[in-house]
2 protein chains.
Amino acid sequence: MTFELLAVDPSGGRRGRLHTLHGTVETPAFMPCASSGAVKALSPQEVRRAGVELILCNTYHLYLRPGHDVIQELGGLRAFTGWDGPILTDSGGFQVFSMAPLRKITEDGVLFQSHVDGSRHFLSPEQTIAIQQALQADIIMPLDECPPYPISHAQAADALDRTLRWAERSRDVHKGTEQMLFGIVQGGVFPDLRERGVRELTRLGFGGYAVGGLSVGESKAEMETVLRAALPLLPADRPRYLMGVGTPGDLLLAIALGVDLFDCVMPTRHGRTGTLFTSTGRLNIKGARYARDPSPVDPSCRCETCRHYSRAYLRHLFVSGEILGLRLNTLHNLHYYGHLMQEARRAIEQGCYGHFQAEVLTRLSGAESSA
Amino acid sequence: MTFELLAVDPSGGRRGRLHTLHGTVETPAFMPCASSGAVKALSPQEVRRAGVELILCNTYHLYLRPGHDVIQELGGLRAFTGWDGPILTDSGGFQVFSMAPLRKITEDGVLFQSHVDGSRHFLSPEQTIAIQQALQADIIMPLDECPPYPISHAQAADALDRTLRWAERSRDVHKGTEQMLFGIVQGGVFPDLRERGVRELTRLGFGGYAVGGLSVGESKAEMETVLRAALPLLPADRPRYLMGVGTPGDLLLAIALGVDLFDCVMPTRHGRTGTLFTSTGRLNIKGARYARDPSPVDPSCRCETCRHYSRAYLRHLFVSGEILGLRLNTLHNLHYYGHLMQEARRAIEQGCYGHFQAEVLTRLSGAESSA
């Protein structure tokens with residue numbers, strides 16, 4: 001597995017290509033979340049047609065249900081889910097820290113309770129790697145400590161230090177395998193901690209680098225400060241992944257700061273709650289104003305939803321609780337994100353990313369800035 | 001719109017072809033329910049690929065939400081939903097009598113309360129026809145009185161008489177339009193009433209004939225008695241539709257008795273509750289026995305679900321509450337019904353329907369008989 005840096009835009013935006021055993025990923029790229037082994041509401045074929053080349057699966061969810069041993073027995077995540085492209089798995093850390101009702105962190109790992117059935121589990125850095133290997137992901141993540149927001153500098157430093165020790169243990173057990181292991185930079189909203197995180201991780205050496213612990217409640221300015229502190233210190237020849245972020249505007253900003261990979265539940269979750277992304281901002285399909293609206297969600301969009309269905313029909317499906325409505329909304333939103341990344345890649349290739357970003361943000365107008 | 005009777009099997013099974021303005025329907029045919037304008041969980045393209053040529057939409061649901069006026073304004077059901085083939089709409093009667101919390105029947109029509117918002121509505125036979133014309137269905141149904149089960153002979157006779165008077169009023173307002181209006185035979189489980197119903201309706205003359213008021217709690221023997229009383233009296237050159245029935249075994253029996261068209265929520269609803277139809281009986285995908293089962297739902301099935309996904313994955317999706325599971329289950333069940341009808345048509349063409357029916361029932365073994 002290798003990463004090729006193809007071009008860098010004057011803005012700082014990077015155009016790259018990630019080669020994996022199961023296909024190539026053009027970057028910047030957006031990964032939809034297939035938490036339990038399915039991008040919610042969509043088939044693998046639809047995900048592919050939305051322009052997706054890489055998906056994220058959640059180790060926490062799959063470890064608890066159906067169990068990584070089951071997936072391994074059935075031939076790994078690709079054979080199990082029918083998605084035949086590259087897969088990134090997270091470490092499970094974020095979910096343990098945000099979803100599990102009970103958790104206790106020790107130097108050895110984290111004890112937690114399943115949100116499904118209340119059973120108790122212990123996850124160590126070594127076991128996290130073993131689980132992701134059983135799942136047969138292409139890109140895997142080391143267990144990290146994901147503190148809540150806000151925390152003090154001292155608390156963030158503690159979490160960073162533990163994350164770094166766990167990263168080293170993860171790297172040691174991962175060595176010699178086919179998968180690409182990323183390092184995760186923690187450090188809260190504190191630039192000095194983020195810088196230290198990057199220095200330590202790059203000293204250890206990883207296949208790629210992720211910025212974690214953002215999108216947890218901090219301001220956009222804080223996020224930007226963190227990215228400006230961490231990203232310039234990362235090696236240019238390694239892919240950079242901003243975890244769990246975010247809105248279209250967030251993505252465009254982070255691309256300009258040098259991020260290559262993104263994941264976020266936003267397009268899929270918003271699809272299921274009726275919020276649709278368009279080139280001129282968001283619309284809530286529930287709105288009575290769409291009851292007789294024969295136009296597509298976004299007249300400039302070429303997705304299946306926009307080619308075949310009216311806002312009136314989508315509104316009707318949504319208010320009637322029809323599953324098809326959730327599918328079509330999700331499909332559109334995922335296509336929107338995929339298309340945005342495609343346009344960003346083209347803009348970087350042409351060296352006009354700054355102009356492109358400004359233009360998109362102007363079109364999105366006020367709708368995006370409030371999100 | 002015309003109906004061609006192509007062949008009659010020694011068993012009594014009929015092979016026909018229904019020509020509509022929006023496509024041809026090979027009969028015997030199964031119509032899935034698209035109550036609110038969508039076959040639940042599926043796209044029109046998927047419905048088509050499952051072998052479906054005709055769908056049923058519910059007048060009651062669409063009248064209440066989004067309103068037939070909205071659908072008319074947006075170009076009718078085909079333009080609104082994206083299903084470009086033939087559509088049959090029911091009269092709304094069955095839903096009024098089974099779903100609406102308040103109802104009062106007068107000679108003029110039926111007063112009822114919306115199950116959606118509690119609002120009061122009045123539906124006359126004339127208005128029912130007007131609504132279905134606004135929806136632009138190909139085949140429409142007259143308002144009928146659908147009594148519960150069990151009822152007395154006198155009550156069933158009253159409901160039949162009112163249904164016949166309403167049928168005549170419906171025919172009068174429908175005359176001269178492009179749509180095909182069916183007559184609905186009522187009469188409960190009483191053969192004499194069913195016979196009288198058929199005689200009166202055929203005297204009035206309709207494009208096709210439906211047998212209503214079954215699948216409401218009566219025994220299989222009672223259903224068979226009713227069909228044996230009513231069907232032989234119907235004109236051979238008109239399509240015959242058995243409303244709301246049923247299991248694969250029911251369909252095969254009714255085909256032998258001369259039925260051409262069916263609708264039922266069973267394949268779609270069962271799909272959403274995890275019950276899957278196979279050539280060797282039903283299986284409940286929730287079962288722990290499927291947790292590590294790499295085989296498809298039905299190894300002899302060629303549907304998308306069976307070609308791409310294992311029982312283990314479908315079980316995982318179902319127990320995890322994933323929408324994709326509901327889709328894939330529904331897709332399989334609909335394909336099962338479509339394939340069963342395809343095989344039934346072939347058997348009738350070859351004059352071996354009786355043998356085919358016995359063979360299918362043997363394969364289904366005990367599973368079907370208990371349903």
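1. Ser124(B) sits in the loop that links strand E9 (120-123) to helix H6 (125-135) of chain B; helices (H or I, at least four residues) and strands (E, at least two) are DSSP runs, numbered from the N terminus. The model is a predicted one, in which local features need pLDDT of at least 70 and side-chain atom pairs count only at pLDDT 80 or more, while totals for chains, interfaces and linings use all residues. Residues are numbered from 1 along each chain as its sequence is written, and chains are lettered from A and ligands numbered from 1 in the order in which they are written.

2. Ser124(B) counts as partly exposed because it has 18 C-beta neighbours inside 10 Å. The scale calls a residue buried if 20 or more other C-beta atoms lie within 10 Å of its own, exposed if 12 or fewer, and partly exposed in between, with C-beta atoms placed from the backbone. Apart from neighbours within four places in sequence, Ser124(B) is in contact with Asp108(B) and Gly109(B); contact requires C-beta atoms, placed from the backbone, within 7 Å. Pro142(B) is 18 residues from Ser124(B) along the chain, with 9.7 Å between the C-alpha atoms.

3. Val52(B) belongs to the loop between helix H1 (44-49) and strand E5 (55-57) of chain B. Val52(B) is buried, since 25 other C-beta atoms lie within 10 Å. Not counting residues up to four places away in sequence, Val52(B) touches Pro32(B), Val47(B), Leu334(B) and Gly338(B). Gly85(B), 33 residues away in sequence, is 9.3 Å from Val52(B), C-alpha to C-alpha.

4. Chain A and chain B each bring 31 residues to their contact. On the side of chain A that touches chain B, the elements giving two or more residues are helix H3 (68-73), helix H4 (76-81), helix H13 (311-319) and helix H14 (323-349) of chain A. H13(A) supplies the largest share of that side, 5 residues. By class, the side holds 17 nonpolar (Ala, Val, Leu, Ile, Met, Phe, Trp, Tyr, Cys and Pro), 9 polar (the others, Gly among them) and 5 charged residues (Asp, Glu, Lys and Arg).

5. Strand E8 (residues 110-113) of chain A is joined to E9(A) by 4 bridges, and Leu111(A) stands opposite Phe122(A) in E9(A).

Conventions:
Two residues are in contact if their C-beta atoms, placed from the backbone, lie within 7 Å. Two strands pair if DSSP finds at least two bridges between them.
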